[in-house]
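Student: I would like to go through this structure with you, one question at a time. Please show it first.

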Amino acid sequence: MELNDLNLYPWIRPYVLRLIQGPTGFCVGGVKAEDPISSTPATPIENLPNVTDMFSVAIPFAGEILRMQIIFDGTNQAAAPDIMLPDYEDFDPEYDEIKSLVKWDRTDESCLLKAIQDIMGMYKEHHRKKCSVLDERFSSELAELYASEYKNIEVCLKRADKNGVRRIVNILIQIDVDTSSLDDSDSPPPDIFIHSPLLLIKNDFEANKVVPLLYLPARIEYLFGGRGSLTPPVHTPGISFLTYTNKMKEKLQDTIKLLSESHDKRREYVAAFLSLFTGHSVEYDAKSFHKISLIFCHQTFFFLIHVTLSRFFPRDQPSITFQSAYHLNKKNQLFQLSSCDYPYSPRWPGPEMAKRTKSFILDKIGAFKESCIRQGTL
Amino acid sequence: MASNDNSADSTMSPPPYSADSSRHRRSPQEHDEVLEQDKGTTEPQTTVQNTKNLPQNKESPSQITVVDSNVEGHRSPSPRPEPKPRVVLKRLSSSSQDNIPIPKVNCPEKIILCVDHSSSMFLKHFRKTAQTIKQTSPIQVLNGAIRQFVMTKSLIDKRHEYSLFMLNDNAQLISDFSNQANDIMFMMQDITNTTKPKENQDTEGQSSVDISQLFDQIENHVTLPVVKNPSQTPPPYVVRLIFIYGRSQCKIEFLNGRESYQKLVKSPYFFMDSIYIHEEPSEDNKVTDVFTGLCELDANGNSYILEVGLDSSMSVLYNALAKLLAHPLQRQRQPVNFNYDILSLE
């Protein structure tokens, strides 16, 4: 729901705006305000029909959503709001413990955000204590995790069924990684919800099952090659949370390193091709070096070679596509044949790769020409 | 196709810069055989003998060279007729102007295809061979070659844009810039299939065509980028005119001033390439003059000027468009005797 849709009293709007737009310090941003209602049947303010002063906020926490109701008094700007927590949560902090509410400063637009942060801090601690008494080993691993370098951790004990017997604990860990070495000029704008990679470990005690999930900010997801491009490592039985989180971080850092080095390797590869095939270049990606196209002739038959390099080159072998300068296929598309099946080693330097590619082209051009003549149309 | 490196003329001292767009061609029959079937025999080697130069009274950016082809050594069981000597247009010099070095980036291109819409493009034909069922006109072959060109450019970079002009007495904008290759292909197909120039509108009857208006239109049609520090900062795009001309009797001239042309060529981000489809050069036509005129349009020395004889195979026109696929900021200057054959890299 957009802020305007809440139709709040004008003096309440800045608090809510700061809450939903600003950084919250939680693992996941994106606090939502919804379900607006009015505490008074008639509004004393002219030209403001149906203004509201009560609404709910939905706050992402450890893979779940915590909802609380914020109750302002539309007629009293000086008063701090009441905050109601859901009954099913056995979490009921004392009002006096929420310092931002006790020392409510109506001139500070961040006051509501600070109050929510205070409550969430206590909520976090509440769940940490609950989870700490579940199981001795679990408690020990959790303590080890809390004592580690990972400072932003959210733990939530869920009751998976109505009887409250089955217990699932979500552990959400923010993993900070340095991506400054990556070229992100084409990447999407910063994600407003997720700022760093998040590892969510879902523990089902009764089923004795652990499921790790990885959430990436949009920018990092784009740089890695899209959703699902990086999967969490296998969670082997007996591995501690900290050890697993470290493995995940290592995998993220290795991927970043691979991507960073890949740019230089791709540039070396393209340079080697331009050097070996001087004068045959049609076009090459001069920024990210993801592709190069060349033109040749073989016994009067002109053809093109398109080479595509993935972001994980040289780990991933480049794809080579032959294209006829004359023919279309049956679908009226350019007549092309692609191949990744040629001698290749990621350890070869650029010039060696260029030389081997030339040999491959010479090996296959006869057969390709034959295919064009037999199957292509002009 | 054999390399034409042997055709270099030993009687002339090489100019500071020269570019060779010529190819010593096989017969059209042999060309089409390469495309249509696998002969399974060794390709006959051709050698060049008795290269002669026609006398020239002044330096010219182009020159006619008569090239004999010798099919000695051919072992085909069915003897082929001796091909008659053919004339090859060679571009031997170009402006050696020092241009501002521009970063070699693959920025988007705005490509203007200007296609000659004269009767020559419809009524003349490429030489018929044993393999071709019917004689094909330049416009028909060009339709296929342009299709290959725009589809390939779009595949390489979807940001490239294409615009189509037709040249009759005047230039006419047919299709505005679009990155949809289908738009241009559709227009070209439509023009190829539906337009039939009337005999009494034979534009070859004119002695010259005024290209001032073409450049006036282009100057109004495009906005050339202006970049601070052009040697360091890549341009947001470049503009390239590909001028495809098919008249052998009609010279190209600036009859209404060169202001627009000069404004365009002053920009380091404007490029002009030409493809000239022509009859065999002779004293009865103006092929040499036209070719010279096209070479003279290369003010900055960064144009590709290619010629396609009607006595050659239609594949040569495809080859010409293929050579023009190269991005103008990343390609080398049109080289002398450049051999595209991959075997020459051995």
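Student: Which side chains of A:Glu283 and B:Lys153 meet, and in what kind of link?

Tutor: This is a predicted model, in which local features need pLDDT of at least 70, side-chain atom pairs count only at pLDDT 80 or more, and totals for chains, interfaces and linings use all residues. Side-chain values use heavy atoms, with hydrogens and water left out; residues are numbered from 1 along each chain as its sequence is written, and chains are lettered from A in the order in which they are written. A salt bridge is a side-chain nitrogen of Lys or Arg within 4 Å of a carboxyl oxygen of Asp or Glu. With 3.0 Å from N to O, the side chains of A:Glu283 and B:Lys153 meet in a salt bridge.

Student: How many salt bridges are there between chain B and chain A?

Tutor: Polar contacts (pairs of N or O atoms within 3.5 Å; within protein, one must be able to donate a hydrogen and the other to accept it, and residues adjacent in sequence count only if both atoms are side-chain atoms) are counted separately. Between chain B and chain A, 13 residue pairs are in polar contact, both at pLDDT 80 or more. For salt bridges between these chains, the count is one.

Student: Which element gives the largest share of the side of chain B that touches chain A?

Tutor: Helices (H or I, at least four residues) and strands (E, at least two) are DSSP runs, numbered from the N terminus. Two or more residues each come from α1 (28-36), α3 (138-156) and α8 (315-323) of chain B. The largest share, seven residues, comes from α3(B).

Student: What area is buried between chain B and chain A?

Tutor: Contact means heavy atoms within 4.5 Å, and it takes 40 residues from chain B and 39 residues from chain A. Buried area is the accessible area (1.4 Å probe) that two parts lose on being put together, summed over both. Carbon and sulfur atoms give 63% of the buried area, which is about 3600 Å².

Student: Why are α2(A) and α4(A) described as oblique to each other?

Tutor: Axes are lines fitted to C-alpha atoms, for helices over the stretch in contact, and angles run from 0 to 180 degrees between N-to-C directions. Angles under 35 degrees count as roughly parallel, over 145 as roughly antiparallel, 65 to 115 as roughly perpendicular and the rest as oblique. The axes of α2 (residues 13-21) and α4 (residues 111-132) of chain A come within 7 Å and cross at roughly 50°. The two helices, α2(A) and α4(A), are therefore oblique.
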